[in-house]
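Dear colleague,

I am handing over the structure shown below, together with an account of what was found in it. Please read the notes with the structure open beside them.

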Amino acid sequence: MRSVAILCAMVGLATAQSYTAINLQPPGSPIYFANVMGLTNKGEVLGDACIGTCSGSNGFPAVWSNGAITPLPLPHGYAYLAQPAYYAINNSGTVVGTVQVPGATTNPTHVVVWTSNTPAVLPDAPIPNACSGAGCTCSTNGSSSSFGITAAGHVVGSTSYPPYTLGGPGCSAYWVYNGATFRLLPVPIPAMCTSPPLPPGYGNGVNVGFGAAINNEDVVLQTLDNVSCGPPYVNPGFPAADPFLIQPNGTTSFLGLGSLSAATGTAVNDLGDVLGFTDFNAVQHLVGWNPNGVGVTDFGQGGFGHLNQAGDVLYLTRPCIGCGGVAAMWQHGVSIPVQLPAGVDWRSFAPTAFNDAGQFVMSSGASNYLLKPLGACASDVTSQFQVTRTGFRYNHSTGLFVLTGSVTNTSGSSVPGPVSLVLDNLPAGVTPLGITGTTLCAGIQGSPYLNVGNLAAGEAWLPGASVSGGIDFANPGQTGISYTFRVLAGGGNR
Amino acid sequence: MKKPSFALLPFLLFVTPLCKGDTIYAFALNTTSLVGNGPFTVDLQLLDGSGTPGDLNNNKVQLSPFSFGVGGSPSGKGMATGGASGNLTSGVTLADTVFLNEYLESFTPGTLLSFTIDTTNVPDSGGTPDLFTLAILDGSGNELPTTGPAEEFLDVSLTGGTTPQVASFSSAPGSTFAVPAPELLIKPGIAPEPSFTWEVLAALVGLTFVLTRWRTR
């Protein structure tokens, strides 16, 4: 059982949220983003950049921060690979991406991690039978790609080695790299695809779809695609596509499809929420799963959407490019309309990144805007509350650290809700789960906060009232957890 | 009357830690419902309040002697992490030398798991106390579900003050095994710090030096 978080669901009101737009093109700068690939909780944007006109060969990764775009240096001897799916940034600003060896045909790509703008090339994952000598079926010229990075800097990716024999079986696997070792990811083959035995020469008929997503607990999301696991060989056969989760201990579980015939997963957060898409009669819809993998939510036709660690989904539904659409922020079952500023509209722009503070990036070709929620800042009421901590414990069942304690209103008067506990200055790689969002207003930016006391706007925390509970932390490195805290209250941004 | 000499200061500094006593508890957990099942593992943790240098190395929890009741015994194969040492036969010591300090050892449950907890109680400057906890893991390495916030049966929060803050928890409702909350009785008396011998010797040397100087004046 996970600890009972001291926060509770914020009750959203379906009034529109307004935003201000910041143009990511620095005035007078020749550098611009061709694609946006990530957004941190501090408002830093990872992009696929060019100087002048993008030709496909003059691109490079870069990070926008506070009005300036800073190129990331490529490791010596490598060229940029302009594939946004291969790039990601975590909230510490560490970037992962994939580069290629110019002109090579058997060793084309490798994974790079940029820490403080310094690149380091990762080794290729060791895969059985990719070796030299007797019994080896694949060469040692590996090719690797990256698909995501966690708060702790763990990378999910894939590596493949070509076979020695033309047309022979290759050696490939998806993996998670923790900075020291690779954990090869298992592929769950449904029993129905292997039994009864298929005719000679037939395989199991399924394979893992392209890419992988990872959350800060090192849980990986992938999709199993069905090529030929079905009638007449097996009946009824496996769905055309079904997302599955891989836990750090290697256990796997498929997500329930409900009434869907097939679906593909694209994102998983620390709560276990999953976002993906499906086709209804050849029309793509955005869909989501709750942490138990059931209860599929259809966000509608269009398929543009992003999921954050608070469980919010920013989505855009529109039947066709250029058509008017509906854009909204889905928070705990309530859709809140998004009111965009003039000049940025849903007909030509699409959301390309989303963070835990509710900020997002809208892109249309080379035009990119960072959208920030408008509104007053909440009040700092830290001096009016006593926050008592019991201490930390490591929970083997969940693999999480739990901090227990209580929050008490010691002010002698009522404090207007919602009340939020902000955790500032957490170490890199330590991530609280079940957050309500991250700060973007006064004080330290990008700090996670949790609403406590189950108070909606308009409700108040009575004097002397206290709530107790726990906060789960993902901390794969099992390093220390230091922090300072603030208590914010009332309406307005955090 | 002659004013006390500053030569007494070293003596006082040495003596001060001797006055700070440990808190000693008698711990007992009724494990009758676990008899005949298993394997189980005792999970003893001392987590530092932050893992930062200013908070480390200020608390120590000593656990001994372990008794398992009728039919119970330790396996003798344990695993220590961080500042953990010893075993369930000779006793276990947990010191907050790093953030996560843990001792795990499997055991055959008898009717009653009991031992003495001898702990210091120094608060961490970071505001989050060091926390000693006890849980029991099943054969898969997962905690037996309890009503505790992190599936533990016992919390001893080293908050400073007169005694630590203690909380105990029973099995969660509907659990396979119904283990009642452990009993924890504080034992009277002050136990010496682990470094008692050296501190006493040093204090005596200091006192001898001071007295010698007084006599020779």
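Which residue of β27(A) is the bridge partner of M329(A)? The bridge partner of M329(A) in β27(A) is I336(A).

Two remarks on conventions come before the rest. This is a predicted model, in which local features need pLDDT of at least 70 and side-chain atom pairs count only at pLDDT 80 or more, while totals for chains, interfaces and linings use all residues. Residues are numbered from 1 along each chain as its sequence is written, and chains are lettered from A and ligands numbered from 1 in the order in which they are written.

**Strands around β27(A)**

Strand β26 (residues 326–331) of chain A pairs with β27(A) in the antiparallel sense, over 4 bridges. Here strands are DSSP runs (E, at least two residues), numbered from the N terminus, and two of them pair if DSSP finds at least two bridges between them. The hairpin of β26(A) and β27(A) has 2 residues between the strands, and H332(A) takes a positive phi near 50° there. Strand β27 (residues 334–339) of chain A is also joined to strand β1 (residues 17–23) of chain A, by 2 bridges, and these two run parallel. In this pairing, Q17(A) stands opposite V338(A) in β27(A).

**Strands around β22(A)**

Strands β21 (residues 274–280) and β22 (residues 283–289) of chain A run antiparallel and are joined by 7 bridges. D279(A) has Q284(A) in β22(A) as its bridge partner. Their hairpin has 2 residues between the strands, and N281(A) takes a positive phi near 55° in it. A further 4 bridges join β22(A) to strand β23 (residues 297–301) of chain A, again antiparallel; L286(A) has G300(A) in β23(A) as its bridge partner.

An open sheet of 4 strands in chain A has the order β32-β33-β40-β36, with antiparallel pairing. Its edge strands, β32 and β36 (431–432) of chain A, each pair on one side only. Between β33(A) and β40(A) there are 8 bridges, and S406(A) stands opposite S468(A) in β40(A).

The contact between the chains takes 21 residues from chain A and 30 residues from chain B, where two residues are in contact if their C-beta atoms, placed from the backbone, lie within 7 Å. On the side of chain A that touches chain B, the elements that give two or more residues are β32 (385–395), β33 (400–409) and β40 (466–474) of chain A. The largest share of that side, 7 residues, comes from β32(A).

With kind regards
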